[in-house]
Amino acid sequence: MSPIVKRIQNDQELPAKADVVVIGGGIVGATAAFLLAERGLSVALVEKGHVGGEQSSRNWGWCRRQNRDERELPLSGVALQVWDEFAAKIGEDVGFRRCGLLYATDDPRQLAEWEAWRDTARPFDVNTKMLSAKEAAAAIPAKGRRWLGGVHSIDDGKAEPAIAAPTIANGARRFGATIHQECAARGLDLVNGAVAGVITEKGIIRTQAVLCAGGAWTSMFCRQYGVLFPQASVRQTALRTRPTTDLGEAIYTPECALTRRLDGSYTLAISGRATLDITPQGIRYARWFMPMFLARLKAVQIGIGESFFHGPEAFASWNGDTTSPFERMRVLDPAPSRRTIATILKRVTEQFPAMAGIEIADSWGAYVDCTPDAVPVISPADGVKGLYLAAGGSGHGFGLGPGIGRLAADLVANDQPCVDPSPFRLSRFVDGSKVKVGAI
């Protein structure tokens, strides 16, 4: 069952031309479209399904600087600033709240990692506080657990995955952007190696600048043009309860994570538990990803399923005149793991007896698109003039999304980048740079 996502209206008529075409209506594409349109550029956002339908509505909703990789820390500050500004600029709530995030653990190694991270964070002015065992117990009282300590990331927060991307995309309309749902981008019209247009299932839009923010589908789209983007998707499961007892806004423990939604329900999940499907694309990039999977996934299962034959990592070929894989799968909606749902419920109710008897409103599977170093790609696509990429959120793309969208908009518009873009360049995977796996 998919999460229930806010639906927005469609602009029926495809523009003949646009300054920028944004492919993909997730949090990154929606934000980039908003910020480009706000600068006075004409923008068309094309989405094969509906805005916010895939990973952008299937995550925890955390918007954090805490525990970020050092390369992402400047961008995470930008992201929180952009999150802060949306409501006033759009005149509508995207659900962003700086409620703070609470972490507790009884694992001495995890606590030491959190403590050590503070040295990384210090130059970036992150407002974070280590919690003693007593403070952690008071902040997150859990049955039968003696926390060694924890963290309170005071200025961090959460937003509402079910409404954020659609609301931001709708906001882009205030500045003249057009939104085209159920309108897959099949490919690019290239002239002498440069973008001259985007071929969609509904016609061609003339443009010289394209931002591909297609989430898990980005590598497949790029492959048509010889652009190598090593990308892997891991399948995860989460669920949402019906409104229930208030345990706090955003809680992390080694067993589970809980995020309170505006209606009093909770999103429940387990960090690090995922399934890695064997796929043609996965086999192609396997050696690139081994360090990342070994470092990050504590409970990874390997499987072969439908995704070998269908979806963003399957083998496929098409041209601008034929139905593309993007049209054949409007929304990437993998089945949730029943075993994971049962484990989530068991862990949550054992730790928090007040949640006993909670009702599940819905549950879902999701594909988290990752890069080999778990840091996003925000970059021109080498070899195709006018094509830019913004993808590879690696499990933290929602909170960072407005920062990714802002940097992508800066690059596309040829404005001063809000942060140094070099850590996010696509070429880092092929220019001999050492791959350093990022923090979760």
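Reader: Which residues does the domain assignment give to domain 1 and domain 2?

Author: Domain 1 takes 20-100 + 155-429, and domain 2 takes 101-153. These bounds come from an automatic or database domain assignment. This is a predicted model, in which local features need pLDDT of at least 70 and side-chain atom pairs count only at pLDDT 80 or more, while totals for chains, interfaces and linings use all residues. Residues are numbered from 1 along each chain as its sequence is written, and side-chain values use heavy atoms, with hydrogens and water left out.

Reader: How far apart are the centres of domain 1 and domain 2, and how many residues does each side give to the contact?

Author: The centres, taken over C-alpha atoms, are 28 Å apart. Contact means heavy atoms within 4.5 Å, and 24 residues from domain 1 and 25 residues from domain 2 take part.

Reader: What is the area buried between domain 1 and domain 2?

Author: About 2000 Å², with 59% from carbon and sulfur atoms. Buried area is the accessible area (1.4 Å probe) that two parts lose on being put together, summed over both. On the domain 1 side, Q66, N67 and Y252 lose the most, together 29% of what that side buries.

Reader: Happy with that. What makes E255 and R145 a salt bridge?

Author: The term asks for a side-chain nitrogen of Lys or Arg within 4 Å of a carboxyl oxygen of Asp or Glu. The closest N and O atoms of E255 and R145 are 2.5 Å apart, so the pair meets the 4 Å limit. The count between domain 1 and domain 2 is one salt bridge, and by this rule the count comes to 31 salt bridges. E255 lies in the loop between strand 14 and strand 15 (257-260) and R145 in the loop between helix 4 (133-139) and strand 6 (149-153), so the pair ties together parts 110 residues apart in sequence. Helices (H or I, at least four residues) and strands (E, at least two) are DSSP runs, numbered from the N terminus.

Reader: Why is E255 called partly exposed?

Author: Buried means under 20% relative accessible area and exposed over 50%, with partly exposed in between (1.4 Å probe, protein chains only). E255 has 22%, so it falls in the middle class. R145 is partly exposed too, at 21%.

Reader: And why is R240 called buried?

Author: Its relative accessible area is 18%, so R240 is buried. R240 forms a salt bridge with D263, the closest N and O atoms being 3.5 Å apart. D263, at 46%, counts as partly exposed.

Reader: How do you know that Q281 is buried?

Author: Q281 has a relative accessible area of 2%, so the label is buried. This residue sits in helix 7 (residues 280-284). Not counting residues up to four places away in sequence, Q281 touches S219, M220, R223, Q231, P312 and E313.

Reader: What makes the pairing of the Q281 and R223 side chains a polar contact?

Author: A polar contact is a pair of N or O atoms within 3.5 Å; within protein, one must be able to donate a hydrogen and the other to accept it, and residues adjacent in sequence count only if both atoms are side-chain atoms. The two side chains make theirs at 3.0 Å, so the distance is inside the 3.5 Å limit.

Reader: Last one: why is N59 called buried?

Author: N59 has a relative accessible area of 10%, so it is buried. A polar atom of the N59 side chain lies 3.1 Å from the backbone oxygen of S56, and a polar atom of that side chain lies 2.8 Å from the backbone nitrogen of G61.
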